[in-house]
Amino acid sequence: MRASTRLALLIGWLGYVLIPWYLPQDGSLAGYPFGEAGTALALVLSGASPWLLPIGLALVAASLLVGREERPWIGRSLAWIGLLGLIAFFAQGFAITLPDQGIPWLAALFGGAGQAQPGMGFGALMTLFSLLLMMCHGLAYRGYCRGDLFTTSAIGIVVLLIGLFVFYPVATILQSALIESDGTLAFASFFERLLSPTIWGLGCLGGGTNCGVAWNTLILAVLTGVITTLLGLACALLVLRTRMPGKRLMRAMTVLPIITPPFVIGLALILLFGRSGAITGILAEWVGIPRSRWIYGLPGVLLAQVLAFAPIAFLVLMGTVQGIAPSMEEAAQTLGAKHWSTFRTVTWPLLRPGLANAFLLGFVESMADFGNPLVLGGNFEVLSTKIFFAVVGAAHNQGQAAVLAIVLLAFTLGAFWVQQRWLGTKSYTTVAGKGDSGIPAMLPTSAKVISAVVIVPWVLLTAVIYAVILIGGFVKAMGRDHTLTLEHYRTGFAIDFSNGIFFEGAAWPSLFTTLKVAAISSPLTALIGLITAFLLTRQHFAGRRTLEFTTMLSFAIPGTVLGVAYILAFNVPPVEITGTGLILVLAFVFRNMPVGVRSGIAGLAQIDKSLDEASMTLRARSFTTLRRVVLPLLKPALITALVYSFVRCITSVSAVIFLVSAEYNLATAYIVGRVEAGEFGLAIAYSSVLIVVMAVGIALIQVGVGERKLGRRAVPVPKPKAPKQTARLTKPAVEAAK
């Protein structure tokens, strides 16, 4: 048995014998895990928790194998011990939960009938990790994954994490929608909620007041997806296929919304176009247009989402337009095709993958968006806000929230399916190993005019909105009283230097919590994502395609659904972490992990496998190869994963609005609270601070990670020519020359 296996077994014994098995029931982690009794061994010996005995027996059985040679039966035995230990661990955990809950017959089998147990703590986590490693090491000893312990262990850890923090919460939503609080199946109640007129009603078509919330959400998402895709395409074509001036300004305007909380744009629209807005006042006084509330409802929410999500479509389509081989367009023109015919028959069909992905991102982001509908929705309800009020409202209808989350998830997965069907099995490959030095075809004149007419107002409106965000924090009341003041910044970010440094501003606690959560979540997201990408691209094992699909599932789940799922799954034992900072970290990690996986897969596709094979030939194991060969070459993918996860941790609101607490409040939740209280100036000031914080954070990430060194020869700099020197020939030299 190798040293790493003995270390895994030692971790299990430490968790079982020395570290408390459960978290403190008062929720305080002060002094934990060393300041409170209650280890698994002590609980078993005292008879308080006899259901933990099988786990200890698994550790004893594994200890009997220590010191033996690596033989096939050792690997088989260790794998079975680890597997049976995991089964006993999860069986007792889910069988014995709260009083009169769990699985009664299984609880009776473990000797815990009618009893309860708190949420599992660090002792249980260490033991679980040990049992998993022993099972994976046993499989490696049997020859799986060429006997590489790191590969089998990494696969096991990734599968366990995805199962526990993605599949389990989603399954809990399904269970909550189908099962009543007393544990009985309630199909009639489920279908009654699912088919409710408030979800699917068509009253607006027959002269009624509103359509069902599902139709509102679907119409909004489709419109947002279509408009953002067209805007992104027009912007990409103008930047790449024309000589239009001001391209740098245009690209800057498209990047700014990405590092801005989405609902902040909705707030700026209120300050511009609300009844007391700046532009509304100007139009009322100068033109005589009466003040109205048109910004509240579908038009306002749609405008805010388009401004917030169109830059994402632009970035996606930039890469697609750049990837079109100019030789194909030149071939069409050589055959006599005009500019418009070339664009319609060659360029447009090759844009289909980018168009499909851009639409899908806009559709999913609109479905998951919570802040803009909350700020601008008015009487126009969507699924995300309906779920929010079902969870935190006075009715507190958990079953209704679960049904609405299922509808939202069905819409999102349906969009994935439609995208794949539309793309089909056609090939869109245009970048091959051969050189392609052609010049991309210029846009037809009509396409240039249409694109410019669409893009220029968008860029101007974006500039005006960010001017409002910049100025709004320095005036008393945007649109009503433009007297300069620093009161909003003092309220949120005042610092008292009289007795040392004291952060007395009301916004400091949420900002510090946000930065802590982002600092912890971002590296974990990048690490798990890149390791998963390495396993998917460089290792061959059963279930590899299934694992790749499951890594993308959390991206398909809207943030609102994920937040509700985490509330339902982790509010009770065996994993009871609601109200802690840990649940925020986990939500961000597994919500953003797919980006790390996809960027890692894209980066690894550019790295020749011969580098890995050379490392293996020199007897390096997978972990050494990953650390010393692969990761240094994956710095661009690492930066992408870190930046994306860092920005999403600070700007996300839909996934965490249900998970924040008084002790662990985040910046976006704090801003939403200020908007609901009508404190627009403070909300704008806080948003400006967040934009600066994210810009600084992105710069620090890029400096900290650095650039990858590929060892390519740089272009030599020509050396200055030395001045000519006239040599004097002596008389002997002249004679010798003759």
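Cys-145 has a relative accessibility of 16% and is therefore classed as buried (under 20% relative accessible area, with exposed meaning over 50% and partly exposed in between, for a 1.4 Å probe and protein chains only). The cysteine sulfur closest to that of Cys-145 belongs to Cys-136 and lies 9.3 Å away, too far for a bond, and the count of disulfides (pairs of cysteine sulfur atoms within 2.5 Å) is 0. Cys-235, at 0% relative accessibility, is likewise buried.

The model is a predicted one, in which local features need pLDDT of at least 70 and side-chain atom pairs count only at pLDDT 80 or more, whereas totals for chains, interfaces and linings use all residues. Residues are numbered from 1 along each chain as its sequence is written, and side-chain values use heavy atoms, with hydrogens and water left out.

Thr-625 is located in helix α28, which spans residues 622-633 (helices being DSSP runs of H or I with at least four residues, numbered from the N terminus), and is buried at 0% relative accessibility. Its side chain forms a polar contact of 2.8 Å with that of Ser-615 (a pair of N or O atoms within 3.5 Å, one able to donate a hydrogen and the other to accept it; residues adjacent in sequence count only if both atoms are side-chain atoms). Beyond neighbours within four places in sequence, the residues in contact with Thr-625 (heavy atoms within 4.5 Å) are Asp-612, Ser-615, Met-616, Ala-620 and Val-630.

Conventions. Helices (H or I, at least four residues) and strands (E, at least two) are DSSP runs, numbered from the N terminus.
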